[in-house]
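Q: I have a model open and would like to go through it piece by piece. Can you keep the answers plain?

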Amino acid sequence: MNAIERHMVNLEQSSDRSPVNLSRRGFLGASLGALVLGVALPGRVARAQEAAEIEPGMRVSAFIEIRADGGVRLQSPFIEGGQGIYTALAQIVGEELDVDPASFIVECAPPGPDYQLGGFRFTGGSRSVRSSYETMRRLGAAARQMLLQAAAARLDLPVADLSTEPGRVIHPASGHALSYGELAAEAADLPVPENVALRAETDFRWIGQPAARLDVRDKSMGKAVYTIDVKVDGMLHAAVQHAPRLGGEPGTLANEAEVKAMHGVHSIHRLPGAVAVVADLWWRARQAVEALQVSWTEPAPDTQNAMPADFSTEALRAKLASAPGPGLQAESHGDPAAALEGAARVVEATYDAPLLVHGQLEPPSTIARWNEDGTLDLWLPNQAPDVFQQVAANVAGIEQQNVRIHSPMLGGFFGRHFLYDNANPFPQAILLARAVGRPVKLIWSREEEFLRDAMRPLVVARFRAGLDAEGLPTAIDIEAVGDGPGFEPPDTPRASVVEGLAEKPYAIPNRRAAHVKVPYPVTLGYWRSVGHSMNAFFYEGFLDELADAGGHDPYELRLRLLADQPRHRTLLEAVGELSGGWKRGPFTAEDGSRRARGVAMASPFESEVATIAEVSIEHGEVVVHDVWVAIDPGSIVNPAIVEAQVTSSVAMGLSSALLEEVVYNDGMPQARNFDLYPFLARYQMPRVHVRIVESGAPMGGIGEPGVPGVPPAVVNAVAALTGQRVRSLPLSKVQFEGTL
Amino acid sequence: MVTITINDIDHAVEADEGMPLLWVIRDILGLTGTKYGCGIGMCGACTVLIDGQPTRSCVTPIESVGGLAVTTIEAIEDDPVGRRVVEAWVASQVPQCGYCQSGQVLAATALLKQSPQPSEEDITATMTNLCRCGTYNAIAAAVRQAAQG
């Protein structure tokens with residue numbers, strides 16, 4: 001279980017689940033006459049029904065709707081943000097239902113118990129497909145069986161004489177066929193069959209195939225609608241200026257009257273930690289709010305996460321590097337202290353990685369509309385609609401079921417749209433819409449987003465390892481210093497800090513990994529691959545140092561340490577083969593440049609990944625030419641989406657390795673936009689080669705696991721090429737020697 | 001009042017001097033295919049064509065486009081090259097989150113109208129829009145495919 005899952009499990013209890021026909025239970029909502037099938041949790045049906053009686057038709061708590069015209073609408077428990085989940089779900093359900101995935105319309109389901117598979121609901125942790133795979137198959141199979149039964153009744157034939165082909169029930173003996181659309185209403189009246197047989201994997205037509213994504217054409221024509229594009233009748237636009245340092249509150253507004261008189265300005269508002277202007281157009285609201293001369297108070301002493309005026313990331317890094325251990329133990333095997341004592345050679349190193357912003361290209365926004373009946377509609381980017389609904393209800397002071405959550409597709413997320421303190425615009429939008437008595441669309445400018453995003457943590461990792469006379473590691477001792485997102489009790493190491501440092505597969509007999517917890521005043525968030533995003537860089541970089549110190553080739557050393565780990569060894573061999581055979585270099589490439597390669601492994605989100613990168617130095621900067629990735633997620637649904645996600649992960653991992661860093665001085669982030677916080681551009685993108693290895697192990701994640709291996713593979717290649725071992729990212733901080 | 005020509009239609013809009021074309025397009029004319037990403041001309045999500053030139057509309061003051069032809073993604077299929085680019089984007093399955101892709105498609109269309117057979121250097125020099133999902137290789141493949149088509 002990864003760090004995110006751990007939290008959500010704490011939030012809600014898991015429960016068994018089986019399909020029930022919600023259309024028989026009054027859940028039809030707007031889709032009267034359609035077959036509506038959902039997974040209701042036994043203990044939760046009553047609660048859901050109750051809610052439905054309070055607000056009839058408010059939630060269409062269903063997954064599958066077969067319309068009279070044969071179209072299939074699928075309510076997704078997961079939000080689409082580029083990772084391809086809507087297409088994957090259509091493939092899985094379509095496989096069992098016997099409907100071509102291309103004829104699905106997939107939408108993000110509203111909050112409600114029906115979509116809390118396993119007892120909780122969020123999009124993250126690279127878990128959408130693997131956590132819903134069985135459920136979605138059973139739903140599709142049950143719906144197909146109901147259609148068969150309806151056809152059998154209509155034709156007065158035994159079910160056994162009937163079969164299906166995509167979109168219709170057929171009677172092979174007579175050649176008679178009934179479309180699913182014709183049967184939907186009758187099927188909806190049937191009880192949901194139990195224990196319907198699932199299709200044999202050998203008969204799969206769509207699962208395992210590179211089905212085209214359902215959203216690609218719209219997205220290529222500007223037709224996809226994100227929250228920022230939503231328009232509501234009568235809405236006004238709002239922009240905010242946050243306290244420069246978190247915890248400050250707006251004092252006097254020196255030029256309030258002047259700003260109030262600006263063109264289009266409707267009103268000026270004081271919000272917790274911010275001021276806002278509501279206007280007829282967002283541009284005018286923004287001009288006005290940024291013209292406001294606000295004197296901000298100093299944070300009250302007890303304010304959580306208050307940003308001190310003297311905070312700097314440089315000082316933080318130094319503080320973490322010198323914070324005393326031993327920390328909270330996350331892993332312990334053997335006797336590392338004794339092994340270090342008896343080692344032929346001890347190697348020590350300290351690594352660090354910086355704060356990062358998510359940098360999703362769609363700035364956060366929310367549209368809030370209060371309705372005459374006291375209910376509230378919210379359109380907002382979110383990765384967990386029920387949690388947002390609950391918090392929105394608290395902010396609004398109304399019952400949870402009176403908040404309708406609409407979840408348009410996300411213009412990127414990477415962990416940005418979880419609920420974080422002070423990092424989501426919706427509470428401000430709720431307050432503003434109430435204050436002005438009209439719907440309000442609030443957009444955070446990119447500059448405000450840089451000020452309030454929940455960041456990938458800054459962590460320092462201290463390593464000590466012992467080598468024997470053969471130069472093989474016998475002991476490794478790791479202290480990760482800092483903090484990460486999470487809700488663990490104070491005496492427990494944070495999963496988000498130690499994942500990817502503890503429980504590595506290498507045969508090092510004596511080892512300890514610990515978290516030296518040092519909180520600091522930055523709002524921390526989940527960033528694509530979370531702790532792995534830096535821990536693979538720390539560990540795999542240090543492992544290359546051990547290889548060098550022990551006189552071993554880093555690839556050969558890994559193979560040796562994985563002698564008893566066939567899955568990892570196979571993967572490492574696969575990536576070596578994919579790259580044309582391991583060669584570290586330096587060597588001279590065809591274009592005459594000097595190059596070298598680095599290798600790294602990671603085990604993120606129940607998948608296994610091996611990565612090789614090839615680099616050169618041009619004009620003192622690192623150029624990455626090729627990245628080879630072998631990934632073993634156990635089994636997959638769509639190889640094209642897997643390859644796209646791995647390639648995307650390589651881009652983001654490389655971006656973090658080369659370029660990205662949030663720097664604070666005097667309590668302020670130095671970058672407020674992409675001019676001072678560059679991320680990977682097209683000319684910096686390497687060729688990416690992906691090999692998918694389906695070992696048959698339990699299904700692992702896809703959206704994030706490609707990230708962690710990239711920074712260490714690149715840094716290890718740079719060390720091989722230049723002799724310079726980089727232990728602090730990003731690489732752009734280092735000027736390398738070398739020419740074209 | 002400023003009169004601007006968007007997708008061959010003249011619009012008289014009440015916009016303040018200095019107001020970026022982006023916000024006129026999005027919030028006054030209601031064409032939301034053009035995106036706000038950074039507001040400082042860095043990312044290119046707001047790319048439109050002005051007299052065929054890819055232009056970052058978030059830093060283009062409205063008064064500077066009077067009398068010029070502005071093309072947004074909504075009109076992409078009115079242009080044969082634009083249609084070809086869209087088909088190549090679909091065939092190469094380029095978009096992930098999709099937020100930057102209106103701008104990418106317009107930038108590619110402008111490139112191919114000026115250089116029907118662009119070199120790799122041409123592609124690198126002109127396709128400068130940012131993509132946080134890292135679809136860059138698919139973008140280059142789609143540009144090459146559209147050039148052949």
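Q: What share of the 740 residues of chain A count as buried?
A: In chain A, 65% of the 740 residues count as buried. Buried means under 20% relative accessible area, exposed means over 50%, and partly exposed is in between, with a 1.4 Å probe and protein chains only. This is a predicted model, where local features need pLDDT of at least 70, side-chain atom pairs count only at pLDDT 80 or more, and totals for chains, interfaces and linings use all residues. Residues are numbered from 1 along each chain as its sequence is written, chains are lettered from A and ligands numbered from 1 in the order in which they are written, and side-chain values use heavy atoms, with hydrogens and water left out.

Q: And what share of the 149 residues of chain B count as buried?
A: For chain B, 58% of its 149 residues count as buried.

Q: How many helices and strands does chain A have?
A: Chain A has 19 helices and 29 strands. These are DSSP runs numbered from the N terminus: helices are H or I with at least four residues, strands are E with at least two.

Q: How many are there in chain B?
A: Chain B contains five helices and five strands. Starting at the N terminus, their order is β-β-α-β-β-β-α-α-α-α.

Q: Same thing for chain B, please.
A: Chain B has a radius of gyration of 15 Å, in agreement with the value near 15 Å for a compact globule of 149 residues. Its C-alpha trace spans about 45 × 30 × 25 Å along the principal axes.

Q: Which residues of strand β3 of chain B are on which side?
A: Strand β3 covers residues 47–50 of chain B, with Thr47(B) and Leu49(B) on one side and Val48(B) and Ile50(B) on the other. These four are all buried, so both faces of the strand are covered. In a regular strand the side chains alternate between the two faces of the sheet.

Q: What does β3(B) pair with over four bridges?
A: The partner is strand β4 of chain B, residues 53–56, and the pairing is antiparallel. Two strands pair if DSSP finds at least two bridges between them. Val48(B) is opposite Thr55(B) in β4(B).

Q: Where do the two bridges to β5 come in?
A: They join β3(B) to strand β5 of chain B, residues 69–71, and these two strands also run antiparallel. There, Ile50(B) stands opposite Val70(B).

Q: What is in the turn between β3(B) and β4(B)?
A: The two strands form a hairpin with two residues between them, and Asp51(B) is in the turn. Asp51(B) has a positive phi near 50° and is not a glycine. Most residues other than glycine have a negative phi, and most peptide bonds are trans. With a relative accessible area of 48%, Asp51(B) is partly exposed.

Q: Which residue in chain A has a positive phi of about 65°?
A: Asn422(A) has that phi, and it is not a glycine either. Asn422(A) sits in the loop between β18 (403–406) and α12 (426–436) of chain A. Its relative accessibility is 44%, which counts as partly exposed.

Q: Where is a peptide bond cis, with omega near 5°?
A: The bond from Gly585(A) to Pro586(A) is cis. Pro586(A) lies in the loop between α17 (566–578) and β23 of chain A. A cis bond also joins Leu729(A) and Pro730(A), with omega about 5°. Pro730(A) is in the segment after α19 (710–722) of chain A.

Q: In what order do the strands of the open sheet in chain A come?
A: The order of the five strands is β23-β24-β25-β26-β29, and the pairing is mixed. β23 (587–588) and β29 (687–692) stand at the edges with a single partner strand each, so one side of each has no neighbour in the sheet.

Note on methods. The radius of gyration is taken over C-alpha atoms; the globule rule is 2.2 Å times the number of residues to the power 0.38.
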